[in-house]
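Hi,

Here is the model I said I'd pass on. Have a look at it first, and my notes on the helix packing follow below.

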Amino acid sequence: MTWIFENWDRFWEVTEVHLRLSAVPVLIGFVLSIPLGWLASRSATARAILFPVANILFTIPSIALIVITPVLIGAKILDEINVIVPLVIYTIALMVRSVADALASVPGHVTAAANAMGYRPLRRFLTVDFPLALPVTIAGLRVATVSNISMVSVGALVGLGGYGQLFTEGYQTDNSAKVFAGLIGTVVLAVLADGLLLLLGRVLTPWARTGR
Amino acid sequence: MGGWLFDPAHWSGPTGVPVRLLEHLGYTLVTLLIAAVIAVPLGAFVGHTGKGGFVVVGLSNALRALPTTAVLILVVLWAGLGDFPVYVALVLLAIPPIMAGTYAGIRAVDPVAVDAARGVGMRESGVLLQVEIPNALPLIYGGFRGAALQVVATATIAAYTGAGGLGRLVFDGLALQEFGQMLAGAVLVALLAVLVDLGFAGLQRLTVSPGLRPVGTGGKR
């Protein structure tokens with residue numbers, strides 16, 4: 001723990017990088033998974049394609065995806081995009097199912113009522129279906145966020161930034177305090193992000209707390 | 001791109017693909033066994049007694065956030081190189097899903113069945129072993145399959161500290177700038193994950209009572 005305070009500038013620097021490398025993919029992946037999840041909740045064919053593909057994508061080890069990405073997209077090996085693209089893929093793989101389950105959990109009589117009131121599909125989705133799907137969606141988002149925060153470290157094995165750099169440097173210089181500092185940073189960041197999303201979910205779905 | 005993988009020279013000897021595959025499978029199965037011995041009794045106890053559920057959930061979430069790379073490196077720095085640090089890191093990874101699956105499975109058993117078991121005079125151990133666990137098997141398998149997927153994918157990192165497994169192809173390929181070897185490693189890990197999952201699916205079919213199979217839905221949605 002003392003390592004963190006004695007090297008605060010360095011610690012803060014890797015914290016910023018780690019935060020950026022985990023938050024950006026979650027945001028991109030989340031936005032992309034909404035239309036895909038909607039498709040999966042509507043069509044059995046889309047489901048039969050998207051779910052198995054998501055499962056297989058999820059089994060590709062992150063280290064492998066991170067080293068293959070630069071070759072596939074033509075980026076330099078030390079470009080941050082090499083962590084962002086794989087994490088976007090993992091986020092989508094996790095979130096497609098969450099969003100689809102969440103939309104399927106919206107009661108049929110509610111959507112029928114919205115239809116009867118003359119809601120057009122897009123407006124119904126944005127103001128009725130999606131808000132009601134938020135609790136399940138946010139539960140999925142919490143899992144995706146925590147696993148992303150933990151996975152960013154893997155990028156350090158190929159020289160990219162974040163807390164993982166403290167792991168590899170600590171390993172090379174036999175400095176376990178440094179590795180431990182990175183571990184604490186990762187766990188604290190994950191717990192904070194998880195708590196924040198939990199709170200956000202409560203604020204966005206006030207109706208979920210009534211009538212229980 | 002598949003040239004490396006299909007070159008016969010890479011399929012023999014002590015560093016050939018079959019050896020790496022078996023090492024990887026070995027890490028996975030031993031890890032799951034150790035994790036099962038720890039996580040199933042804990043999850044079953046908490047699920048059966050209903051006490052300490054928040055401990056299981058909290059512990060699972062905290063362990064999930066633990067970066068496996070850091071655990072691996074810390075144990076290597078403390079205990080030296082070898083397979084031991086690999087198992088510590090992977091077992092910590094496998095415990096949360098197995099424990100959560102067992103706990104959730106036992107909590108989800110129909111209370112009517114549990115009451116009936118007590119009513120016909122079963123002891124608590126009988127209730128747990130003959131009623132709750134068999135009924136909870138689908139969710140317990142769910143936990144194991146989730147854990148297996150993660151362990152197969154993450155065992156790749158073991159090679160960073162010089163251990164074996166398919167991660168060797170990824171890290172050796174990276175060191176030699178051999179893209180084909182890295183790709184072969186990635187593809188084989190994904191393939192192994194699918195095979196292990198199929199193995200569990202088969203085991204599940206054989207051991208779960210037919211009465212517990214979802215009716216009419218074919219098991220999926």
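Helices here are DSSP runs of H or I, at least four residues, numbered from the N terminus. Among the residues making the contact are B:Val71 and B:Leu72 of H4(B) and B:Phe84 and B:Leu92 of H5(B); contact means C-beta atoms, placed from the backbone, within 7 Å. By class, that contact has 12 nonpolar, 1 polar and no charged residues (nonpolar is Ala, Val, Leu, Ile, Met, Phe, Trp, Tyr, Cys and Pro; charged is Asp, Glu, Lys and Arg; the others, Gly among them, are polar).

A caveat: this is a predicted model, so local features need pLDDT of at least 70 and side-chain atom pairs pLDDT 80 or more, while totals for chains, interfaces and linings use all residues. Residues count from 1 along each chain as its sequence is written, and chains are lettered from A and ligands numbered from 1 in the order written.

H7(B) and H9(B) come within 9 Å, crossing at roughly 165 degrees, so they are roughly antiparallel (over 145 degrees). This crossing is right-handed too.

As for the chains, 28 residues of B touch 31 of A. H9(B) gives the most to B's side, 9 residues.

Cheers

Terms used. Contact = placed C-beta atoms within 7 Å. Helix = DSSP H or I, 4+ residues; strand = E, 2+ residues; numbered from the N terminus. Axes fitted to C-alpha atoms, helices over the stretch in contact; angles between N-to-C directions. Parallel < 35°, antiparallel > 145°, perpendicular 65-115°, else oblique. Left-handed = near helix turned anticlockwise from the far one by under 90°.
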